[in-house]
Amino acid sequence: MTTRTALIAGHEHVFEPGDGNPAGEWTLLLLHGTGGDEHDLVPLGRQIAPGAALLSPRGRVLENGTTNRFFARRAANDIDVDDLLVRTDELARFVREASQTHGLDETRILAVGYSNGANIALNALLTHPGLLRGAGLLRPVLYHEPDPLPDLAGTAILTASGARDPYSPPSTIAHLRSVLERTGAQLHVHVDPAAGHGLVPSDLAVVADWATKLHAR
(Lines give C-alpha, C1' and ligand atoms only; values in the text may rest on other atoms or scores of the structure.)
Protein backbone atom coordinates (compact mmCIF):
# COMPACT_ATOMS: atom_id res chain seq x y z
CA MET A 1 0.00 0.00 0.00
CA THR A 2 1.13 3.55 -0.70
CA THR A 3 0.82 5.69 2.41
CA ARG A 4 0.25 9.40 1.92
CA THR A 5 0.47 11.99 4.68
CA ALA A 6 -0.99 15.46 4.33
CA LEU A 7 -2.78 18.33 6.06
CA ILE A 8 -6.47 18.73 5.26
CA ALA A 9 -8.86 20.98 7.17
CA GLY A 10 -6.21 21.41 9.85
CA HIS A 11 -5.73 17.68 10.40
CA GLU A 12 -2.47 15.84 9.84
CA HIS A 13 -3.52 12.46 8.53
CA VAL A 14 -2.51 9.23 6.87
CA PHE A 15 -4.29 7.96 3.78
CA GLU A 16 -3.87 4.52 2.26
CA PRO A 17 -5.89 3.83 -0.90
CA GLY A 18 -7.92 0.66 -1.22
CA ASP A 19 -7.14 -2.25 -3.49
CA GLY A 20 -8.92 -0.56 -6.43
CA ASN A 21 -11.57 -3.27 -6.73
CA PRO A 22 -15.09 -2.09 -7.20
CA ALA A 23 -16.29 1.42 -7.77
CA GLY A 24 -17.65 2.73 -4.53
CA GLU A 25 -15.06 0.96 -2.35
CA TRP A 26 -15.33 1.34 1.42
CA THR A 27 -13.22 3.71 3.51
CA LEU A 28 -12.39 3.22 7.18
CA LEU A 29 -12.07 6.46 9.12
CA LEU A 30 -9.68 5.50 11.92
CA LEU A 31 -9.82 7.59 15.11
CA HIS A 32 -7.14 6.96 17.72
CA GLY A 33 -7.41 7.05 21.50
CA THR A 34 -5.86 9.56 23.89
CA GLY A 35 -2.12 9.81 23.34
CA GLY A 36 -2.24 8.12 19.95
CA ASP A 37 -1.63 9.55 16.51
CA GLU A 38 -2.58 9.08 12.89
CA HIS A 39 -0.50 5.89 12.60
CA ASP A 40 -1.87 3.99 15.61
CA LEU A 41 -4.93 2.28 14.13
CA VAL A 42 -3.69 1.76 10.57
CA PRO A 43 -2.56 -1.86 11.24
CA LEU A 44 -5.92 -2.54 12.91
CA GLY A 45 -7.76 -1.05 9.94
CA ARG A 46 -5.85 -3.24 7.53
CA GLN A 47 -6.77 -6.32 9.60
CA ILE A 48 -10.44 -5.34 9.78
CA ALA A 49 -10.88 -4.55 6.09
CA PRO A 50 -7.90 -5.62 3.93
CA GLY A 51 -9.23 -4.06 0.71
CA ALA A 52 -10.63 -0.81 2.08
CA ALA A 53 -9.13 2.66 1.89
CA LEU A 54 -7.84 3.95 5.22
CA LEU A 55 -8.21 7.55 6.37
CA SER A 56 -6.61 8.26 9.73
CA PRO A 57 -6.43 11.82 11.15
CA ARG A 58 -4.54 13.00 14.21
CA GLY A 59 -6.53 14.70 16.96
CA ARG A 60 -5.88 18.46 17.02
CA VAL A 61 -6.00 19.00 20.80
CA LEU A 62 -2.77 18.75 22.79
CA GLU A 63 -3.37 17.90 26.44
CA ASN A 64 -0.54 19.16 28.67
CA GLY A 65 1.29 20.12 25.50
CA THR A 66 2.14 16.55 24.52
CA THR A 67 -0.89 14.25 24.44
CA ASN A 68 -3.01 14.07 21.27
CA ARG A 69 -6.77 14.11 21.71
CA PHE A 70 -9.75 14.87 19.50
CA PHE A 71 -11.39 17.21 22.04
CA ALA A 72 -10.53 18.83 25.36
CA ARG A 73 -11.22 17.68 28.88
CA ARG A 74 -10.56 19.15 32.30
CA ALA A 75 -10.04 15.77 33.98
CA ALA A 76 -10.94 12.13 33.33
CA ASN A 77 -14.65 12.05 32.44
CA ASP A 78 -14.86 15.84 32.89
CA ILE A 79 -15.32 16.84 29.26
CA ASP A 80 -15.45 20.28 27.72
CA VAL A 81 -18.67 19.68 25.79
CA ASP A 82 -18.46 22.99 23.94
CA ASP A 83 -15.06 21.97 22.62
CA LEU A 84 -16.42 18.50 21.74
CA LEU A 85 -19.07 20.13 19.54
CA VAL A 86 -16.57 22.44 17.82
CA ARG A 87 -14.08 19.64 17.21
CA THR A 88 -16.80 17.38 15.86
CA ASP A 89 -17.71 20.05 13.31
CA GLU A 90 -14.01 20.26 12.37
CA LEU A 91 -13.81 16.49 11.95
CA ALA A 92 -16.90 16.50 9.73
CA ARG A 93 -15.29 19.16 7.54
CA PHE A 94 -12.13 17.08 7.38
CA VAL A 95 -14.06 13.98 6.27
CA ARG A 96 -15.84 15.90 3.52
CA GLU A 97 -12.70 17.64 2.24
CA ALA A 98 -10.58 14.49 2.45
CA SER A 99 -13.25 12.59 0.51
CA GLN A 100 -12.98 15.13 -2.28
CA THR A 101 -9.18 15.22 -2.20
CA HIS A 102 -8.74 11.45 -2.21
CA GLY A 103 -11.71 10.61 -4.45
CA LEU A 104 -13.62 8.63 -1.83
CA ASP A 105 -17.24 7.50 -1.99
CA GLU A 106 -18.84 9.62 0.73
CA THR A 107 -21.70 7.13 1.09
CA ARG A 108 -19.33 4.32 2.14
CA ILE A 109 -17.34 5.70 5.04
CA LEU A 110 -17.19 3.70 8.26
CA ALA A 111 -15.56 5.10 11.37
CA VAL A 112 -13.63 2.82 13.70
CA GLY A 113 -12.62 4.63 16.87
CA TYR A 114 -11.10 3.70 20.20
CA SER A 115 -11.82 5.55 23.46
CA ASN A 116 -11.41 9.29 22.70
CA GLY A 117 -11.72 8.48 18.99
CA ALA A 118 -14.87 6.43 19.60
CA ASN A 119 -16.38 9.32 21.55
CA ILE A 120 -15.93 11.87 18.79
CA ALA A 121 -17.21 9.35 16.22
CA LEU A 122 -20.29 8.85 18.40
CA ASN A 123 -20.85 12.59 18.57
CA ALA A 124 -20.41 12.84 14.79
CA LEU A 125 -23.14 10.24 14.34
CA LEU A 126 -25.51 12.24 16.55
CA THR A 127 -24.73 15.75 15.27
CA HIS A 128 -23.86 15.10 11.61
CA PRO A 129 -26.28 12.35 10.54
CA GLY A 130 -25.42 11.04 7.09
CA LEU A 131 -21.70 11.82 7.40
CA LEU A 132 -20.93 8.17 8.19
CA ARG A 133 -22.52 4.99 6.88
CA GLY A 134 -21.68 3.42 10.21
CA ALA A 135 -19.24 3.29 13.09
CA GLY A 136 -17.48 0.67 15.17
CA LEU A 137 -17.13 2.27 18.60
CA LEU A 138 -14.55 0.65 20.87
CA ARG A 139 -15.05 1.72 24.51
CA PRO A 140 -17.38 4.65 23.79
CA VAL A 141 -18.84 7.06 26.32
CA LEU A 142 -21.77 9.38 25.54
CA TYR A 143 -20.99 12.97 26.58
CA HIS A 144 -23.57 14.88 24.54
CA GLU A 145 -27.16 13.87 23.85
CA PRO A 146 -28.86 16.09 21.23
CA ASP A 147 -32.52 16.92 21.67
CA PRO A 148 -34.16 15.85 19.48
CA LEU A 149 -32.12 12.81 18.55
CA PRO A 150 -31.39 12.34 14.84
CA ASP A 151 -32.94 9.66 12.66
CA LEU A 152 -30.14 7.18 12.03
CA ALA A 153 -32.18 4.54 10.21
CA GLY A 154 -29.83 2.79 7.80
CA THR A 155 -26.74 3.65 9.85
CA ALA A 156 -24.89 0.62 11.24
CA ILE A 157 -23.39 1.04 14.70
CA LEU A 158 -21.33 -1.40 16.75
CA THR A 159 -20.49 -0.64 20.37
CA ALA A 160 -17.82 -2.77 22.03
CA SER A 161 -17.55 -2.17 25.76
CA GLY A 162 -15.86 -3.75 28.75
CA ALA A 163 -18.02 -4.56 31.79
CA ARG A 164 -15.06 -3.60 34.02
CA ASP A 165 -14.27 -0.33 32.27
CA PRO A 166 -13.91 2.34 35.00
CA TYR A 167 -14.87 5.08 32.53
CA SER A 168 -18.07 3.35 31.45
CA PRO A 169 -19.86 1.24 34.10
CA PRO A 170 -22.77 -1.01 33.13
CA SER A 171 -25.36 1.73 33.78
CA THR A 172 -23.53 4.04 31.34
CA ILE A 173 -23.37 1.29 28.72
CA ALA A 174 -27.11 0.65 29.14
CA HIS A 175 -27.93 4.35 28.73
CA LEU A 176 -25.87 4.57 25.54
CA ARG A 177 -27.69 1.55 24.16
CA SER A 178 -31.06 3.13 24.97
CA VAL A 179 -30.11 6.39 23.23
CA LEU A 180 -28.86 4.65 20.09
CA GLU A 181 -31.89 2.39 19.91
CA ARG A 182 -34.09 5.49 19.90
CA THR A 183 -32.27 6.81 16.82
CA GLY A 184 -33.39 3.78 14.81
CA ALA A 185 -29.80 2.79 13.97
CA GLN A 186 -28.90 -0.78 13.06
CA LEU A 187 -27.29 -1.42 16.43
CA HIS A 188 -25.06 -4.27 17.57
CA VAL A 189 -23.92 -4.21 21.20
CA HIS A 190 -20.98 -6.26 22.47
CA VAL A 191 -19.95 -6.25 26.13
CA ASP A 192 -16.99 -8.36 27.24
CA PRO A 193 -17.67 -9.33 30.88
CA ALA A 194 -13.97 -9.57 31.76
CA ALA A 195 -12.62 -6.55 29.87
CA GLY A 196 -11.74 -3.11 31.17
CA HIS A 197 -10.91 -0.04 29.12
CA GLY A 198 -8.11 -1.70 27.17
CA LEU A 199 -8.86 -3.67 24.04
CA VAL A 200 -8.92 -7.48 24.11
CA PRO A 201 -8.85 -10.05 21.26
CA SER A 202 -12.65 -10.45 21.29
CA ASP A 203 -13.03 -6.75 20.39
CA LEU A 204 -11.01 -7.16 17.22
CA ALA A 205 -12.89 -10.30 16.23
CA VAL A 206 -16.27 -8.62 16.77
CA VAL A 207 -15.43 -5.43 14.84
CA ALA A 208 -13.86 -7.41 11.97
CA ASP A 209 -16.95 -9.61 11.67
CA TRP A 210 -19.23 -6.55 11.82
CA ALA A 211 -17.27 -4.74 9.12
CA THR A 212 -17.09 -7.81 6.87
CA LYS A 213 -20.86 -8.27 6.95
CA LEU A 214 -21.44 -4.60 6.26
CA HIS A 215 -19.03 -4.58 3.31
CA ALA A 216 -20.87 -7.54 1.81
CA ARG A 217 -24.14 -5.60 1.48
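Visitor: Which pLDDT is needed for local features here?
Guide: Residues are numbered from 1 along each chain as its sequence is written, and side-chain values use heavy atoms, with hydrogens and water left out. As this is a predicted model, totals for chains, interfaces and linings use all residues, side-chain atom pairs count only at pLDDT 80 or more, and local features need pLDDT of at least 70.

Visitor: Is strand S3 enclosed or open, and how many of its residues are buried?
Guide: Helices (H or I, at least four residues) and strands (E, at least two) are DSSP runs numbered from the N terminus, and buried means under 20% relative accessible area, exposed over 50%, partly exposed in between (1.4 Å probe, protein chains only). In a regular strand the side chains alternate between the two faces of the sheet. In S3, Thr27, Leu29 and Leu31 on one side and Leu28 and Leu30 on the other are all buried. S3 is therefore largely enclosed by the rest of the structure, with a buried count of five of the five residues.

Visitor: Which residue of S4 is the bridge partner of Leu28?
Guide: Two strands pair if DSSP finds at least two bridges between them. S3 and S4 have three bridges and pair in the parallel sense. Within S4, the bridge partner of Leu28 is Leu54.

Visitor: How are H2 and H3 oriented to each other?
Guide: Two packed helices are described by the angle between their axes and the distance between the axes. Axes are lines fitted to C-alpha atoms, for helices over the stretch in contact, and angles run from 0 to 180 degrees between N-to-C directions. The axes of H2 (residues 81–102) and H3 (residues 116–127) come within 9 Å and cross at roughly 80 degrees. Angles under 35 degrees count as roughly parallel, over 145 as roughly antiparallel, 65 to 115 as roughly perpendicular and the rest as oblique, so H2 and H3 are roughly perpendicular.

Visitor: Where is Ala9, and which residues is Ala9 in contact with?
Guide: Ala9 sits in the loop between strand S1 (4–8) and S2. With 13% relative accessibility, Ala9 counts as buried. Contact means heavy atoms within 4.5 Å. Leaving aside neighbours within four places in sequence, the contacts of Ala9 are Arg60, Arg93, Phe94 and Glu97.

Visitor: What is the phi of Arg139?
Guide: Most residues other than glycine have a negative phi, and most peptide bonds are trans. Arg139 is found in the loop between S10 and S11, and is buried, with a relative accessible area of 1%. Its phi is a positive value in a residue other than glycine, near 65 degrees.

Visitor: Which peptide bond is cis?
Guide: Look in the loop between S10 and strand S11 (156–162), where Pro148 lies. With omega near 5 degrees, the cis bond is the one from Asp147 to Pro148.
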